[in-house]
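Let's take a walk through this one together. Have the sequence and the model open side by side as you read.

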Amino acid sequence: MNASSADSAPQDSEPHPDGKLTRARMLACALEMVDREGIDKLSMRGLARALGRDPMSLYRHATNKADLLDGVAETVLTELTVDSTDTDWIAQLRAVARQFRRIALTHPHVVPLLVTRPLATPLALRPRGTLRPLEDILALLTQAGFSGADALHIYRALFGFLHGHILNELQEIVEKPEETDDLLRLGLHRLPIHEFPHLRGLASVLAAYDGAAELERGLDILLAGLQSVTTPAI
């Protein structure tokens, strides 16, 4: 069902057999719809139909679609856990990075809500649930002896890398998966060899892209760099 058909669909005001509608239940259903059809297809009317509710009942739990999308982002980020008591801050940041990648690949349609949507919202106005990973990582790093400013720098470096990695991994598209020649599989044969000799020469490496391995290699470089330029006070 597309967005317009969902908005014009007849209202289903039959009571839901499972009882009272809650925000958590509404957001869980919204997440299922986004996972299945994408953000653009989510509408208050379509969600109401899926829940077997009158659309107006949803506005008790979300003031508008923007609020609903913020709630979906919060719901997904509850899956991201940070052990702020871990004494090995490097191992904990690596674990957080792996979790974030897993969450993003499980909910690829939600990635814009996690990566690009927050850029349009001042930090203090973002949903509190989306700020929890930041707060917990700051606690982890300050407990490890970093100043607040250095802890924030490390957080920004880590999630800047993670956001870029996820966007890149989700856009790794192979033109012809059945093709055996790497140049043809990736469409690199279209690039003039005299202009792009290095890119064409890396066809086999590009074709063998492994998101998990790329993440680990990137973390090796990032965390080693952070260790060399930031030092805990204790």
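Is Arg185 buried or exposed? Keep in mind that we're looking at a predicted model. With a relative accessibility of 17%, Arg185 counts as buried, because the cut-off for that class is under 20%. You'll find Arg185 in helix 10, which covers residues 182–186. Setting aside neighbours within four places in sequence, Arg185 is in contact with Val174, Glu175, Lys176, Pro177, Glu179, Thr180 and Ala207.

Now hop over to a helix pair. Helix 6 (residues 89–106) and helix 8 (residues 128–143) have axes that come within 10 Å and cross at roughly 165°. Anything over 145 degrees counts as roughly antiparallel, so that's how helix 6 runs relative to helix 8. The crossing itself is left-handed. Who does the touching? On the helix 6 side, the contact is made by Trp89, Gln92, Leu93 and Val96, while helix 8 brings Ile137, Leu140 and Leu141.

Next, step into the loop between helix 6 and helix 7 (111–115), where His107 sits. His107 has a relative accessible area of 8%, so this residue is buried too. What does the His107 side chain make a polar contact with? The partner is the side chain of Glu79, at 3.2 Å. Leaving out neighbours within four places in sequence, His107 is in contact with Leu31, Asp35 and Val76, as well as with Glu79.

Definitions and conventions
Residues are numbered from 1 along each chain as its sequence is written. This is a predicted model: local features need pLDDT of at least 70, side-chain atom pairs count only at pLDDT 80 or more; totals for chains, interfaces and linings use all residues. Side-chain values use heavy atoms; hydrogens and water are left out. Axes are lines fitted to C-alpha atoms, for helices over the stretch in contact, and angles run from 0 to 180 degrees between N-to-C directions. Helices (H or I, at least four residues) and strands (E, at least two) are DSSP runs, numbered from the N terminus. Angles under 35 degrees count as roughly parallel, over 145 as roughly antiparallel, 65 to 115 as roughly perpendicular and the rest as oblique. A crossing is left-handed if the near helix is turned anticlockwise from the far one by less than a right angle, and right-handed if clockwise. Contact means heavy atoms within 4.5 Å. Buried means under 20% relative accessible area, exposed over 50%, partly exposed in between (1.4 Å probe, protein chains only). A polar contact is a pair of N or O atoms within 3.5 Å; within protein, one must be able to donate a hydrogen and the other to accept it, and residues adjacent in sequence count only if both atoms are side-chain atoms.
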